[in-house]
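I opened this model to look up its charged pairs, its aromatic rings and its strand pairing. My notes follow in the order in which I made them.

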Amino acid sequence: MPADQRPSSLTWRDRLGNFEYRASPYVYIAPFFIVFAITGLYPLLYTAWVSLHNWHLIGGNQGFNGIANYTDVLAQPAFWTALRNTFSIFLLSSVPQIILATLIAYVLDSNLRARTFWRMGVLLPYVVAPVAVSLIFSKVFADQSGMINTILGMAGLDPIGWHANALASHIAIANMVNFRWTGYNALIILAAMQAIPRELYEAATVDGAGRWRQFVSVTIPQLRSTIIFVVITSTIGGLQIFDEPRMFDIMGNGGSDKQWLTLTMYLYQLGWGPQKSFGRASAVAWILFLIIIVIGALNFWLTRRISSAEGKKARR
């Protein structure tokens with residue numbers, strides 16, 4: 001090849017432009033990872049370090065003690081009571097919440113008048129401060145008075161001790177959670193519904209499917225990935241519930257018999273209560289973190305199994 005036809009070597013400007021083209025995506029996403037490392041990853045790792053030490057609020061680090069904090073926490077009956085209450089409130093709130101959010105989203109996706117008004121209206125409870133919601137609902141679910149017991153009295157039924165009974169208190173707290181988060185999840189599911197191709201509904205109508213059949217056979221399968229996302233986020237939020245049970249009564253200790261004490265409240269009491277043991281509180285935080293990871297992985301595995309099974313049936 002003649003020398004004048006050989007490709008010229010890249011100049012430093014070309015190399016700089018090539019490097020900029022390759023490195024720019026990493027530069028764009030770097031701020032998120034930097035902020036996450038500072039505000040998320042570092043506290044998580046530091047909490048793991050504290051959980052392995054005898055660490056007090058006033059005295060600070062008083063030496064390494066291994067897994068003693070974990071064994072001490074697991075030996076406490078209050079921990080298992082808090083774990084039971086957390087799962088009970090989580091199930092009573094998340095399951096009805098996702099079902100109601102899906103139904104509300106389906107109604108909002110229909111041909112309503114003033115659709116923007118109704119869609120904004122379902123988000124209003126999410127804007128209300130959690131403390132305000134808890135204070136209002138604590139009065140609604142008062143033991144001897146309150147709106148619910150007043151209605152029960154008008155129907156000739158005995159009042160319910162919402163603060164005295166464990167299950168009743170869990171139902172009351174679950175209603176607080178549902179009040180705040182159902183509309184938020186409904187808008188997420190609504191956005192996914194609007195992305196479903198309308199040709200699928202037209203084909204289902206031609207095949208003679210009614211609205212309920214279209215909802216079951218067309219809408220729900222198309223929302224699978226969104227519902228998985230909502231389930232995972234609801235699981236994470238439900239297991240970390242704190243504001244609602246904390247403000248359910250004046251004392252904020254989870255009831256006289258710990259009947260609505262949650263894991264996050266128990267963590268708070270270990271860290272800032274009479275014991276002021278940051279080591280045990282950090283151990284509870286890491287136990288809760290591992291529980292969330294396990295349940296999230298289980299949800300992901302279960303949904304993958306369901307989707308793969310449905311895919312095999314569709315190919316047959």
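This is a predicted model: local features need pLDDT of at least 70, side-chain atom pairs count only at pLDDT 80 or more; totals for chains, interfaces and linings use all residues.

**Salt bridges**

I counted three salt bridges, taking a salt bridge as a side-chain nitrogen of Lys or Arg within 4 Å of a carboxyl oxygen of Asp or Glu. Residues are numbered from 1 along each chain as its sequence is written, and side-chain values use heavy atoms, with hydrogens and water left out.

I first looked up Asp72 and Arg280, whose side chains form a salt bridge at 3.5 Å, N to O. This pair links distant parts of the chain, 208 residues apart, with Asp72 in helix α2 (residues 68-74) and Arg280 in helix α14 (residues 278-315); helices here are DSSP runs of H or I with at least four residues, and strands are runs of E with at least two, numbered from the N terminus. For exposure I used relative accessible area, with buried under 20%, exposed over 50% and partly exposed in between (1.4 Å probe, protein chains only). Asp72 is partly exposed at 28%, and Arg280 is partly exposed at 23%.

I then turned to Asp109 and Arg198, which form a salt bridge with their closest N and O atoms 3.4 Å apart. Here too distant parts of the chain are linked, since Asp109 lies in the loop between α3 (77-108) and α4 (115-121) while Arg198 lies in helix α9 (residues 198-206), 89 residues apart. Asp109 counts as buried at 16% relative accessibility, whereas Arg198 counts as partly exposed at 37%.

The pair I noted next is Arg180 with Glu244, whose side chains meet in a salt bridge at 4.0 Å, N to O. Arg180 belongs to helix α8 (residues 166-194) and Glu244 to helix α12 (residues 243-246), 64 residues apart. Arg180 is buried at 9%, and Glu244 is buried at 6%.

**Aromatic pairs**

I found 19 aromatic pairs, where rings of Phe, Tyr and Trp (its six-membered ring) pair if their centres lie within 6.5 Å, and planes under 30 degrees apart count as stacked, over 60 as edge-to-face and the rest as tilted. One of them is Phe32 with Phe36, a stacked pair at 6.3 Å centre to centre with 15 degrees between the planes. Why are Phe32 and Phe36 separated by about one helical turn? They are so separated because they stand four residues apart in helix α1 (residues 12-51). Phe32 counts as exposed at 54% relative accessibility, and Phe36 as partly exposed at 42%.

I also looked up Phe141 and Trp162, an edge-to-face pair at 4.8 Å centre to centre with 75 degrees between the planes. Phe141 sits in the loop between α6 (130-140) and α7 (146-154), and Trp162 in the loop between α7 and α8, 21 residues apart. Phe141 is buried at 6%, and Trp162 counts as buried at 7%. Phe137, Phe141, Trp162 and Phe179 form one aromatic cluster.

**Strands**

I noted that strand β1 (residues 53-56) has a covered face made of His53 and Trp55, and an uncovered one made of Asn54 and His56. In a regular strand the side chains alternate between the two faces of the sheet. β1 pairs with strand β2 (residues 60-64) in the antiparallel sense over three bridges, pairing being taken as at least two DSSP bridges between two strands. A hairpin joins β1 to β2 through three residues, and His56 stands opposite Gly60 in β2.
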